[in-house]
There are 2 protein chains.
Amino acid sequence: MIPSAPKVSEVITVLSGGVGAARLLRALSGEIEPREISAIVNVGDDLVMHGLTICPDLDTISYTLAGLNNDQLGWGLAGETWRVMDELAGLGGAAWFRLGDRDLATHLYRSQRLSEGATKTDVTRELCEHWGVEITLLPVTNDEIATVFDTEIGVLSFQEYFVRHHHGVVVKGVSVHGVTECSPTHEVISALEKSTRIVIAPSNPLISIDPILQVPGVSEILRERRDDVIAVSPIVNGAALKGPADRLLIELGHEATCEGVAAFYQGIIGTFVIDEVDARHAANIESRGIKVRVTTTIMAEPENARRLARAVLA
Amino acid sequence: MIPSAPKVSEVITVLSGGVGAARLLRALSGEIEPREISAIVNVGDDLVMHGLTICPDLDTISYTLAGLNNDQLGWGLAGETWRVMDELAGLGGAAWFRLGDRDLATHLYRSQRLSEGATKTDVTRELCEHWGVEITLLPVTNDEIATVFDTEIGVLSFQEYFVRHHHGVVVKGVSVHGVTECSPTHEVISALEKSTRIVIAPSNPLISIDPILQVPGVSEILRERRDDVIAVSPIVNGAALKGPADRLLIELGHEATCEGVAAFYQGIIGTFVIDEVDARHAANIESRGIKVRVTTTIMAEPENARRLARAVLA
């Protein structure tokens, strides 16, 4: 065990996808006042299904930070039951996107509040207050954007690609519908401007982080503040720890290495954190004008997560 | 026990609200081929809540005819559980309109199909096929209409009045938003035209039947076919068997008797079925040019329900 250090006085903002970001945020909140951490969260994989507005990345993060996450499944809520989905499957309804009974309550709550005129930002704040989540979660935009996949079997929505087809089809292109016309929230811009440090979580660069970067204004701020921007590689030893990042990088013309990710972020990051097993890539990355930190980036063990958080804050 | 009679050869259409209509339809399907029965169902109390499109009268009827109805509660599905609602209440969400887990599957199914471009008529047919319901259930319109209550505490939606306030506030007026601009479905018009008999179920005349009658074209057909139209009184001995019909009749300037209901239907019905305890009203109703049949109208016992069905078909 590494002994607890006094909390660092920083104001940081973390560009976030789902699981990897949730774990990094949880680790960071052990090192720095959680109230000084904001997460700007991808909403490109949000969807409306069965009439319900579902925000997978926001929910993954809030459930994890609230300690409600289902560790066995790796997604959703602990103690989940499946009564509604089982009935829906019995009716012949679309039950491939599994929504547990507890999880459904979140979506019902959100959908009702949105219909009453609340924004996603409002609803996220309400849910986080309810669950005692101290980190500020900010959907990057309150407007509707949608990441879609041009694949070998046609155009698929995010969840069709990810869940229905288990990210098992070849992708020819990814685009984010609506992103050029959307606006970042003023909370997002303010968080980016006031932070002493901006972190890019080890989320999928192409489908979790890029939709955030494409929101008008966001990448411009990162570019200006490049020296304060630090990214964590989601690729370790040429493979994604979770999800299809490695495969997608190759399919979309990148290298499925930490260096490929660094190249993708070139111009908007000043520092890149890579795993010890990838130390050999450090020189090449540095030759791109990016500082490199080498540490454990796999957060399965709490100690490793803490070590990574400290490396990010160093 | 009354012995089973050979099934009558008729094609009938029943203007229907919820519980009372469901019971009459169930009884009628014992006397006549269910495939020769259509129910034109009120959708004025349909609502969108939590993003879900909910059709209380359609669901009450289909659940009852499928034998899935919850007899203990008097509404909803048998074997129901409440996981989602309990969680939603825990989140501080609007949980006064209780939606069980099984019931929610119906609403998720419907909402998804509507978002895919299906009509309420399509979805109702799909659900009824799934449940083996042989009576044809027809929402009176696929357009959105909404019955609203002008009350002593302000304007309330149907379910706010009915469920949230337990129909316990004084009503000054009822109106059906959107009804003058809506269209009946062609299935509805066709059912009314081809039927040998049109029945008005013992549903609330003011808030279940009147929204159907206000749909352009419906009351015109009934008026023309008046001699083939038979209504069953929902008022017995001056009281509604269920719900606020008696109270609403008085608040809206009618008499809370079977005669008051007959007067309300005058011009569109040829025959009125009243309960034995109301036999004294027969002469007054007949003086309005309406034939009267006197029988048991309370359907709690299957034998009585059967007797009522036979009186309707006599």
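What share of the 314 residues in chain A is buried? Buried residues, meaning those with 20 or more other C-beta atoms (placed from the backbone) within 10 Å of their own, make up 51% of chain A. This is a predicted model, in which local features need pLDDT of at least 70 and side-chain atom pairs count only at pLDDT 80 or more, while totals for chains, interfaces and linings use all residues. Residues are numbered from 1 along each chain as its sequence is written, and chains are lettered from A in the order in which they are written.

**View 1. The fold of chain A.** Chain A holds 13 helices and 14 strands, taken as DSSP runs (H or I, at least four residues, for helices; E, at least two, for strands) numbered from the N terminus. Its C-alpha trace spans about 55 × 45 × 40 Å along the principal axes.

**View 2. The surroundings of Leu25(A).** Leu25(A) sits in helix α1 (residues 19-28) of chain A and is buried, because 26 other C-beta atoms lie within 10 Å. Leaving aside neighbours within four places in sequence, Leu25(A) is in contact with Val14(A), Ser16(A), Ile37(A), Ala39(A), Ile61(A), Leu65(A) and Ile135(A), contact being defined by C-beta atoms, placed from the backbone, that lie within 7 Å.

**View 3. The side of chain A that touches chain B.** Here 24 residues of chain A are in contact with 24 residues of chain B. The elements giving two or more residues to this side of chain A are β4 (52-54), α3 (83-90) and α4 (101-115), and α4(A) gives the most, with 9 residues.

Note on methods: Buried ≥ 20, exposed ≤ 12 C-beta atoms within 10 Å, placed from the backbone. Contact = placed C-beta atoms within 7 Å.
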